[in-house]
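Me: I have a two-chain model open and would like to go through it piece by piece. Could you keep to what can be read from the coordinates?

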Amino acid sequence: MKKIHIFIFSSISIFLILLYTAAGTADIAFFDTFKILASKFNSSFSGFSTSKEIIILNIRLPRVLLSYISGACLALCGCGYQSVFKNPLSDPFILGVSSGAALGATLSIVLNMPNTLLGLNITALMAFFGAVITVFIVFAIYENSQRNSTSSLLLIGIAIGQFITAVISVLMLLNQDNIKDIYFWTLGSFAAKSWPHLAVVSVYFVIGFCFMMHNSKNLDIMLLGSQEAQYLGQDIYKVRRHILVITSLLAAGVVSVTGIIGFIGLVTPHVVRIFTGPMHKKLMVCSVFTGGIFLMTADTIARSALKFELPVGIITAIFGAPFFIYLIYSSKREVL
Amino acid sequence: MNCVELKNVCCRVDNKDILNDISFAIPQGSMWAIIGPNGAGKSTLIKILTSVLKPTSGEVRINDSNINNLSRLEIARNIAVVPDNFNTNFDFTVFDIVLMSRYSHNSKSYITNADKTAALEALDKAKISHLKNNLYKTLSSGEKQTVLLARAIAQDSDVILLDEPTSNLDIKNQMEIMHMLKTLNDDGKSVIAVMHDINLAVRFINNFIIIKQGKIINSGNIESVFSEKILADLYDINVNIFKDVNSRFLFMQAEKIK
C-alpha cells in the first residue's frame, strides 16, 4: 500500500465527509455548513444561529462520521470472516451476531425497559450482550463438537441464527404493538446518533483495526487452507479463534449502536479484492476506506433523498447489489 | 545426527490402522525416497512428520527434539513441505506464494526486506524469476510445482519433504524438479520425497523406505532394497529388474498380474 494511495483515499473521505455534512433537509446554505465547521477553529466565521450550529455540529457531523466509521468496521470484519472461512458468502453476521443483537434489542423493546441506565442506552446494551452471548454459544457448541472444519462452525452459526430469528418472530407475534419498533431496529439507522455513539464505535474501530493489521500475515496464510497454513508454521486453530472472537466483538459493538446494516461487510472486501488482490494489508486498508465511504454515502441518501428517512440497510442493498453485479461482470479477476 | 527419526509410530484414524509400528531414522544431509502403492500411508507419514496429524502412539523426533516439544513455527523452521498438488482460487502472485514461506522466520506483523530478498533468491534459484508477477492459479502444473519448490527453498528449513513432486508432470519437468532436488541436497539440505515413479527415483536417490499397508517392508540403499520379489509383494504384480548400460536400475513391469 503506497502512501499516495492512502493520501488519495483520505482526501476523498474528507471531501465527502464535508459534502455530506452539508447535505440534508434543513435549510442551511451549502457554504454556511463549511463556515459553521470552520467557526470551531476560527472565531471570524461565527455568528450563525444556534439551531443551525446544532444541526451541523451535533446532528449531521457526528452522524456522517459514525456512518463512516461503522462502514469501516463492518468492511474490516468482512475481510476477517472471508479469510477465515474461505467462503464468499461469509459476512460479519454469519455466526449469529445480527440475530443475537436483534434478540437483545427485541427483549429490551417488548419488556419496555427504560431508555437509559446510568447514561447508557439500554437497547444498545441489550443488543451488544445478545450478540456477544450468541457468538459465545456458537463457539461453545463448536469447540465441544470436537470438529476442526470451518464449515461446521459456519453451519452451527447459521443454525443458531435461524433459531434466534424464530424466537424473535414469536416475540413479535406476541407483542404486535412493538412490531414496527423491532422491525425498524433490525433495518439499521443512524438517526438520533451523536458524539457519544461515535466515540464508542471509534474505540471499537481502533482496537479492531490494530488487531487485524497485526494479523494481516496470518490472514494471508489462512487463505491457503488449514493444511498449508500449518506447513508454513501457523497455529491455525488459535489464530482462527482469536480473529473470529475479535471480529465478532467488533461487529457486535457496531450493530448494538446502529442496528443491523447488511451488505457492507459482505460486499466491500469482494469489491476491493478485485482491485488490490488478496493480500490483506492492502485489502484491509482499502476496505476500511471503501466501506466507510459506501455506508456514509448510503446514509446520506437515506436521510436526504425523500421527505422521510429510509432505513440505511435498504439503500446499501438497492445501490450496492447492482454495482457489485456490474463489477463481477466487468472484472477480469475472479471475485473469490 | 538424524534430521528425522520415528520410533514405533502408529496412527489410527476412524478405527483403521493407517501406520503400524513405523521406525526409521534419516541422517542429516541425506536424500531419501519413500515408495509404496496407493493407500500405503505415505501421505499420512508426511502429516505425522509435520505434526498436522498426531500419532496414536510412538515418538517423532526432528533434529533430535521431540516434535511434541516444538511449536508449529519451530517445526516449519525445521521442515518445509512441498505438497503434491496445491491450488487456490485467490489471485495470489507467484511472489506472494513464495513470500508467505517466510512466516516462520519473521515474527513481525509486516514483511521485511530480508523476507523479500529471500523470496527473490529462491525464485532465482528455482529459475522462475520471470514468473514473479504471474498469478499462481494461471500457471501450468510444472510451473506450480516449481513455485512450491521455490517456496520450500525460501522457507530455508533443514529438511525438505515432498509429496509426489513429479506427479502430473511431463518428462522434462520431472527431470528439472529432480535435478533441483539433487542440487539442494548437494547444498546440504536433507530431502525426503514420497515417490511413485521408481525408475525416476533411482536415477537421483540412493536411499529408500518401502511401505505397504502402513508397515515398512524394507529400507536402505538401492542395492539392498530392491528385488523382484519385494516389488512383486509391494505392488501385487510381477516386476522385472534390469540394469542399463550405466548399471542403473531399470524396472520393467510385467504384464502378468498375480
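Me: Which residues of H1(A) are buried?
Reply: This is a predicted model, and in it the buried residues of H1(A) are A:Tyr20, A:Thr21 and A:Ala22. What covers them includes helix H2 (30–38), H3 and helix H13 (280–304) of chain A.

Me: And how many residues does that helix have, and what does it reach from first C-alpha to last?
Reply: Helix H1 of chain A, residues 3–22, has 20 residues and reaches 29 Å from its first C-alpha to its last, which is close to the 28 Å expected at 1.5 Å a residue.

Me: Let's go inside. Which residues touch the most other members of the largest nonpolar core?
Reply: That core has 173 residues, and those touching the most other members are A:Cys73, A:Leu76, A:Val201, A:Ala252, B:Val98 and B:Leu161. The largest share of the core, 18 residues, comes from helix H3 (residues 50–85) of chain A. As general background, nonpolar side chains in soluble globular proteins tend to be buried together.

Me: What does A:Leu76 touch?
Reply: Not counting residues up to four places away in sequence, A:Leu76 touches A:Gly208, A:Phe209, A:Met212, A:Leu250, A:Met284, A:Ser287 and A:Val288.

Me: Where is A:Leu198, and is it buried or exposed?
Reply: A:Leu198 lies in helix H8 (residues 195–214) of chain A, and it counts as buried because it has 22 C-beta neighbours inside 10 Å, where the cut-off for buried is 20 or more. If residues up to four places away in sequence are not counted, A:Leu198 touches A:Pro62, A:Leu65, A:Leu66 and A:Ile69. The C-alpha atoms of A:Leu198 and A:Thr106, which are 92 residues apart along the chain, are separated by 23 Å.

Me: What about A:Met172, where is that one found?
Reply: A:Met172 is found in helix H6 of chain A, and with 18 other C-beta atoms within 10 Å it is partly exposed. Leaving aside neighbours within four places in sequence, A:Met172 is in contact with A:Ile179 and A:Ile182. A:Met172 and A:Leu155 are 17 residues apart in sequence and 26 Å apart in space, C-alpha to C-alpha.

Me: And A:Asn175, where is its place?
Reply: A:Asn175 sits in the loop between helix H6 (150–174) and helix H7 (179–187) of chain A, and it is partly exposed, with 16 other C-beta atoms within 10 Å. Its C-alpha atom is separated by 32 Å from that of A:Ser304, the two residues being 129 apart along the chain.

Me: Switching to the contact between the chains, how many residues does it take from each?
Reply: It takes 22 residues from chain A and 19 residues from chain B. On the side of chain B that touches chain A, the largest share, four residues, comes from helix H2 (residues 72–78) of chain B. The residues on that side divide into 10 nonpolar, six polar and three charged.

Me: Staying with chain B, at what angle do H5(B) and H6(B) pack?
Reply: Helix H5 (residues 141–155) and helix H6 (residues 171–186) of chain B pack at an angle of about 10°, with their axes 10 Å apart, and they are therefore roughly parallel to each other. H5(B) contributes B:Gly142, B:Gln145, B:Thr146 and B:Leu149 to the contact, while H6(B) contributes B:Asn173, B:Ile177 and B:Met180. By class, this contact has three nonpolar, four polar and no charged residues.

Me: Is H5(B) mostly covered or mostly open?
Reply: H5(B) is mostly covered, with 12 of its 15 residues buried, among them B:Lys144 and B:Arg151. What covers the buried residues includes H2, strand S6 (79–82), helix H3 (94–99), helix H4 (113–125), strand S7 (159–163) and H6 of chain B.

Me: What follows H5(B)?
Reply: H5(B) is followed by B:Asp156, whose phi is positive, near 55°.

Me: What is phi for B:Asn8 and for B:Asp64?
Reply: Phi of B:Asn8 is near 50°, a positive value in a residue other than glycine, and phi of B:Asp64 is likewise positive, near 70°. B:Asn8 lies in strand S1 (residues 2–13) of chain B, whereas B:Asp64 is found in the loop between strand S4 (57–62) and strand S5 (65–66) of chain B. B:Asn8 counts as exposed because it has 12 C-beta neighbours inside 10 Å, and B:Asp64 is exposed with 10 other C-beta atoms within 10 Å.

Methods
Residues are numbered from 1 along each chain as its sequence is written. Chains are lettered from A and ligands numbered from 1 in the order in which they are written. This is a predicted model: local features need pLDDT of at least 70, side-chain atom pairs count only at pLDDT 80 or more; totals for chains, interfaces and linings use all residues. Two residues are in contact if their C-beta atoms, placed from the backbone, lie within 7 Å. Helices (H or I, at least four residues) and strands (E, at least two) are DSSP runs, numbered from the N terminus. Ala, Val, Leu, Ile, Met, Phe, Trp, Tyr, Cys and Pro count as nonpolar, Asp, Glu, Lys and Arg as charged, and the others, Gly among them, as polar. A nonpolar core is a set of buried Ala, Val, Leu, Ile, Met, Phe, Trp, Tyr and Cys residues joined through C-beta atoms within 7 Å. Axes are lines fitted to C-alpha atoms, for helices over the stretch in contact, and angles run from 0 to 180 degrees between N-to-C directions. Angles under 35 degrees count as roughly parallel, over 145 as roughly antiparallel, 65 to 115 as roughly perpendicular and the rest as oblique. The expected span of a helix is 1.5 Å times one less than its number of residues.
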